[in-house]
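Please find below a colleague's note on the structure under discussion. The points are numbered so that each may be checked against the coordinates in turn.

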Amino acid sequence: MKKLFAIALLLGMLLTACQSGDEEQGSTKKEAASQQQKEEKKEITKDEIDLNTKPNEAGQIMILMYHNISTPEAEWVRTPENFRKDLQALYDQGYLPISLTDYVNGNITAPAGKSPYVLTFDDGRENNFNYLEDGSINPDSAVGIIMEFAEKYDDFEPRATFFVNGTGRFGPKEEVQKKFDFLVENGMEVGNHTINHPNMKTLDASGVQREIGGQKAYLEESFSKPYNINTLALPFGSRPDKSLYNYLETGSYEGKDYKNIAILNVGWDPNPSPYHTDFDPLAIHRVRASETNVDDVGIYDWIEILKNHPKRRFVSDGAANIVTVPQGLEENVKAPEGKELLVY
Ligand SMILES: [Zn+2]
């Protein structure tokens with residue numbers, strides 16, 4: 001029954017995702033000074049794990065889905081104020097962002113006692129990242145707000161993935177390379193959102209490969225240094241016929257192969273731990289980062305649910321090389337090669 005409800009909900013969301021209009025804003029640029037260099041190696045022994053922080057690496061992780069950061073607030077628009085409020089609420093509840101790549105690779109380096117989450121932005125809106133006339137990053141853009149937060153809190157690293165579709169996104173074309181470079185230099189990521197943002201259901205094998213492979217090629221050419229586009233957010237969360245699912249992961253277009261390590265749906269709930277046997281990086285659920293029409297499964301609903309049900313929430317042990325889970329939750333957890341399992 002719950003599943004049926006969830007499917008109905010998803011269908012409703014599929015129809016409405018990504019419908020909001022474009023908007024242009026004045027733009028400029030700035031070299032953001034803030035260099036995050038907190039890449040300490042988190043290799044410790046089992047004895048050094050602080051069990052008082054109640055690590056639970058069997059728990060779920062929220063992959064948050066944003067679209068526009070702008071005004072006024074609407075179903076697919078989060079205001080700058082509300083985005084700041086979201087980051088603060090998460091931070092106050094012990095959440096810190098990690099990269100999508102680290103999540104799917106099970107490379108969780110969040111400090112002991114903290115819960116990782118992943119920020120994603122679809123559609124490559126200019127309001128995600130633009131410049132003021134003086135050249136500084138618009139402090140009310142998504143990137144401006146993330147960088148501001150990282151400057152304010154030492155343990156908050158700027159981590160987010162921007163899923164860009166088409167060739168005319170992310171503001172003026174001449175600024176795209178500079179923006180992409182900035183994102184990568186600061187630990188953020190760019191992902192694939194297809195060329196034409198189609199309903200994938202309508203495509204055949206060559207169509208799927210053109211949409212993914214073509215966009216990958218365009219995006220990769222837009223960086224000044226080599227960059228591998230290997231994550232995909234499905235437009236409207238739509239999928240082609242099941243027989244073509246393999247082309248979402250691997251394929252070829254104009255002689256160039258692609259392989260995606262993460263495929264993101266739209267969604268309504270947090271995703272399993274990367275160490276959980278249910279974890280499927282090729283069908284990642286996302287939580288809507290909104291308070292409008294979220295049907296009790298938006299970001300604040302999940303913050304509350306995970307607060308009240310600690311067994312469901314991923315809490316890091318602070319060690320990248322150890323997977324720590326409370327007794328009773330180990331059954332569905334598998335430590336990947338090179339990592340040790342600790343049950344307490
Ligand atoms: Zn979209």
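The points that follow move from the overall fold to single residues.

1. Overall composition. The model is predicted, and the remarks below should be read accordingly. The chain holds eight helices and 14 strands. Of its 344 residues, 46% count as buried. Among contacts in the chain with a separation of 6 or more, 72% are between residues 24 or more positions apart.

2. The largest nonpolar core. This core comprises 66 residues, and those touching the most other members are Ile63, Leu64, Val118, Ala142, Leu264 and Val287. Helix α4, residues 142-152, is the element that gives the most to this core, contributing six residues. Apart from this core lies another one, made up of eight residues, including Ala58, Ala319, Ile322 and Leu342.

3. Surroundings of Val118. Which residues does Val118 touch, not counting residues up to four places away in sequence? They are Ile61, Ile63, Leu64, Pro97, Ile98, Leu100 and Tyr103. Two of these partners, Ile63 and Leu64, are themselves listed among the core residues that touch the most other members.

4. Packing of helices α2 and α4. In general, a pair of packed helices is described by the angle between the axes and the distance between them. For helix α2, residues 80-92, and α4, the axes come within 10 Å and cross at roughly 35°. The crossing is right-handed. On the α2 side the meeting residues are Pro80, Phe83, Arg84 and Leu87, and on the α4 side they are Ala142, Ile145 and Phe149. Ala142 is also one of the residues with the most contacts to other members of the largest core.

5. The unit formed by β6, α5 and β7. Strand β6 (residues 161-164), helix α5 (residues 173-185) and strand β7 (residues 189-192) need to be considered together. They make a right-handed β-α-β unit. The two strands pair in the parallel sense over four bridges, and Val164 stands opposite Asn192 in β7. Is strand β7 covered or uncovered on its faces? Both faces are covered, with Glu189 and Gly191 buried on one side and Val190 and Asn192 buried on the other.

6. The β9-β10 hairpin. Strand β9 (residues 250-253) and strand β10 (residues 256-259) run antiparallel and are joined by four bridges. They form a hairpin with two residues between them. Across the pairing, Gly251 stands opposite Tyr258, and Tyr253 stands opposite Lys256. In contrast to the arrangement in β7, where both faces are covered, β9 has a covered face, formed by Gly251 and Tyr253, and an uncovered one, formed by Thr250 and Ser252. Glu254, in the turn, has a positive phi of about 50°.

7. Arg210 belongs to helix α6, residues 205-221. The C-alpha atoms of Arg210 and Ser252 are 8.1 Å apart, although the two residues are separated by 42 residues in sequence. Ser252 is on the uncovered face of β9.

8. The loop between β2 and β3. Trp76 is placed in the loop between β2 (68-69) and β3 (77-78). Trp76 counts as buried because 22 C-beta neighbours lie inside 10 Å. Its C-alpha atom is 8.4 Å from that of Thr292, a residue 216 positions away in sequence. Pro72 lies in this loop between β2 and β3 as well, and the peptide bond from Thr71 to Pro72 is cis, with omega near -10°.

9. Backbone geometry to inspect. Most residues other than glycine have a negative phi, and most peptide bonds are trans. What is the phi of Lys54? Its value is near 50°, which is positive. Lys54 lies in the loop between α1 (2-16) and β1 (62-66), and is partly exposed because 15 other C-beta atoms lie within 10 Å. His197 likewise has a positive phi of about 50° without being a glycine. His197 sits in the loop between β7 and α6. Is His197 buried or exposed? It is buried, because 20 other C-beta atoms lie within 10 Å, and 20 or more is the requirement for that class.

Key:
Residues numbered from 1 in each chain as written. Predicted model: local features only at pLDDT ≥ 70, side-chain atom pairs only at ≥ 80, totals over all residues. Core = buried A, V, L, I, M, F, W, Y, C linked by C-beta atoms within 7 Å. Buried ≥ 20, exposed ≤ 12 C-beta atoms within 10 Å, placed from the backbone. Contact = placed C-beta atoms within 7 Å. Pairing = 2+ DSSP bridges. Right-handed = clockwise from strand over helix to strand, strands pointing away. Axes fitted to C-alpha atoms, helices over the stretch in contact; angles between N-to-C directions. Left-handed = near helix turned anticlockwise from the far one by under 90°.
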